[in-house]
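Thanks for making time this morning. I would like to take you through one structure, beginning with the whole chain and then moving to a few individual places in it.

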Amino acid sequence: MEFLSEELAELEKNGLYRRLRMITSSQEAQVSIAGKKYLSFCSNNYLGLANHPQVVEAAVRATQEYGCGAGASRLISGTMQLHTELEDRLAQFEEKSSAIVFTTGYCANVGSITSLMNEEDTIILDKLNHASIVDAARLCRAKLQVYPHKDMNRLEEILKRSKQFRRRLIVTDGVFSMDGDMAPLPEIVDLARKYEAYTMVDEAHSTGVIGEKGRGVAEFYNVEDKVDIIMGTLSKALGSLGGFVVGDTSLVEFLKNKARSFIYTTALPPGVCMAAIAALDIVQGDVSYRKQYLDKVAYLKQNLEKLDFDLMGSETQIIPVLIKDAVKTMEISKFLYEKGVLIPGIRIPTVPKDTNRLRISLMASHTKDDIDHLLNLMTEIRKKFF
Ligand SMILES: Cc1ncc(COP(=O)(O)O)c(C=O)c1O
C-alpha cells in the first residue's frame, strides 16, 4: 500500500497533515498536554458542563447504580429507565411531543435522514452543512441538491424545479459549526411551506446556548412549530455524548422502527444519560448561566474586531478568524501553542479552499484574564503575521 505514504507526504507538503494532540486533564478552560498547561479555546464544551460537579456526580451515581454500559441496542434489551427518562426530559425541554436519543449526533443525523428518504426523494442542503448531514444524504441515495451558503434565491430555484420528487427535505445546520453564523430559518420555513417541502434543523451547536430557553436557532427565530424535525446533540453544550431528534410522536416512533443507527448500535451508557439529565437541569434552571457566558463571547468578539480580524459574520459563540492561507493558518496555530494557547487551525477539506481559519470557542469557565491573555496574543499575531 505504497500510496499511503505518498498521500501522507502530499498532505504534509500542503500543510494539511493532521496530528492528534493528547490531553491528559479534563476538558476545562485550562488543559494539560505532555505535562504543560494550555489555555484551551477550542472545545465545544461551551457551558463547561462536561466538568460541572453536579453533572459529574450524576454520572458517577448512575454508573455506580446501573453499571458502565447498556449492554445491547435499544430494541434488544438496551433500553433502561434512564434512556426513557432522558427522552422524556428532552421532549419537555424542547416542548415537543416526543424525543428519541441516539448514541451520537452523527448517528442521529444519519439514522433519521436515511430512514425518511430514498432514491425517489431529494435532499436539499446548505453548502456548509456538517459532514454528518452530507454523509446521511449520500447514504440514502436521494438526489442531493446543494445551495450556496444561506442563498435563499438558489434554494427557491431548487424547490421550483424539483416538484417531481416524492419527498423533498431541506436540511440545515442551525449554527454552522465552522462559521458560527445562523441559518436564515424564517425564510427557509416559508419557502418550505410555499413549495410543500419538509424541513430539518441540526441544533448541535445551538442546543443549550441559543434562544431564550436555550433550545436553539428555531427557538431564537420563533419558528419551532414550523420545523418538521429538530435534531440536537448532548455532546457539546450539554457536556457528554449523544444525539437526539424531537418532534411528533409519529416521527419518533417511525425512527425507532426504521433508523438503522438507532437499531444496530449499543444504547448510551447509563452514566451518560444521567449526565445529560443533570445538564438539562442546569440549562433549564439558571438562565443567568447562559447569559454570563454569552456576555464573555460578546466581549471577545468586540475586541477581536477592534484588532481588525475578519470573524466571517459569526453570530454566536463559534468565532472563526479568517487567515486564508493553509500554511499561515498552521503557523499561527503553532505560535499560539508555543505561547500556551490551544486554538487549532481549520483547513480544507473541513472548510472551503482559501477560507482556512482559526476557530475560537469560549467556555463558561474562561475568566476575563484568560480572554485578555488571548487578546494580547492576537495583537502580537496581527503585527507578526500580517
Ligand atoms: C452541526 C453538527 N451536527 C452533528 C454533529 C455530530 O455530533 P456528535 O459529535 O454528537 O456526533 C456535529 C459534531 O461535530 C456537528 O457539528
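Of the 386 residues in this protein, which is shown here as a predicted model, buried residues make up 55%. The accessible surface comes to about 17500 Å², and carbon and sulfur atoms account for 51% of that surface. If you look at the fold as a whole, the secondary structure amounts to 15 helices and 13 strands. The radius of gyration is 21 Å, close to the 21 Å that the globule rule gives for 386 residues, so the protein is as compact as a globular protein of that length. Along the principal axes, the C-alpha trace spans about 55 × 55 × 50 Å.

How much of the contact pattern comes from residues 24 or more positions apart? Among the contacts with a separation of 6 or more, such pairs account for 70%. As for charge, there are 48 positive and 51 negative charges, and their mean positions lie 3 Å apart.

Let me turn to the domains. The domain assignment gives domain 1 as residues 2-40 together with 287-385, while domain 2 is given as 53-285. The centres of domain 1 and domain 2, taken over C-alpha atoms, are separated by 27 Å, and 19 residues of domain 1 are in contact with 22 residues of domain 2.

Is Gln 317 buried or exposed? Gln 317 has a relative accessible area of 0%, and it is therefore buried, the cut-off for that word being under 20%. Leaving aside residues up to four places away in sequence, Gln 317 touches a set of residues including Tyr 46, His 205, Val 209, Ile 210, Tyr 293 and Ile 360. Gly 239, to give a point of reference, is 78 residues from Gln 317 in sequence and 15 Å from it in space, C-alpha to C-alpha.

The next topic is helix 6, which covers residues 131-139. In helix 6, the buried residues are Ser 132, Ile 133, Val 134, Ala 136 and Ala 137. What covers these buried residues of helix 6? The cover includes helix 5 (105-116), strand 4 (122-126), strand 5, strand 6 (168-173) and strand 7.

As background, most residues other than glycine have a negative phi, and most peptide bonds are trans. Arg 141 lies in the loop between helix 6 and strand 5 (143-147), and with a relative accessible area of 60% it is exposed. Glu 196 also needs a mention, with a positive phi of about 55° although it is not a glycine. The loop that holds Glu 196 runs between helix 8 (185-194) and strand 7 (198-202), and Glu 196 is exposed, with a relative accessible area of 69%.

Finally, where does a cis peptide bond occur? One joins Ile 348 and Pro 349, with an omega of about 5°, and Pro 349 is found in the loop between strand 12 (345-346) and strand 13 (356-361).

Methods:
Residues numbered from 1 in each chain as written. Predicted model: local features only at pLDDT ≥ 70, side-chain atom pairs only at ≥ 80, totals over all residues. Heavy atoms only, no water. Helix = DSSP H or I, 4+ residues; strand = E, 2+ residues; numbered from the N terminus. Rg over C-alpha atoms; globule rule 2.2 N^0.38 Å. Buried < 20%, exposed > 50% of the residue type's maximum accessible area, 1.4 Å probe, protein only. Contact = heavy atoms within 4.5 Å. Areas by Shrake-Rupley, 256 points an atom, 1.4 Å probe, with all protein chains shown as cover. Lys, Arg positive; Asp, Glu negative; His and termini not counted. Charge placed at Lys NZ, Arg CZ, Asp CG, Glu CD. Domains from an automatic or database assignment.
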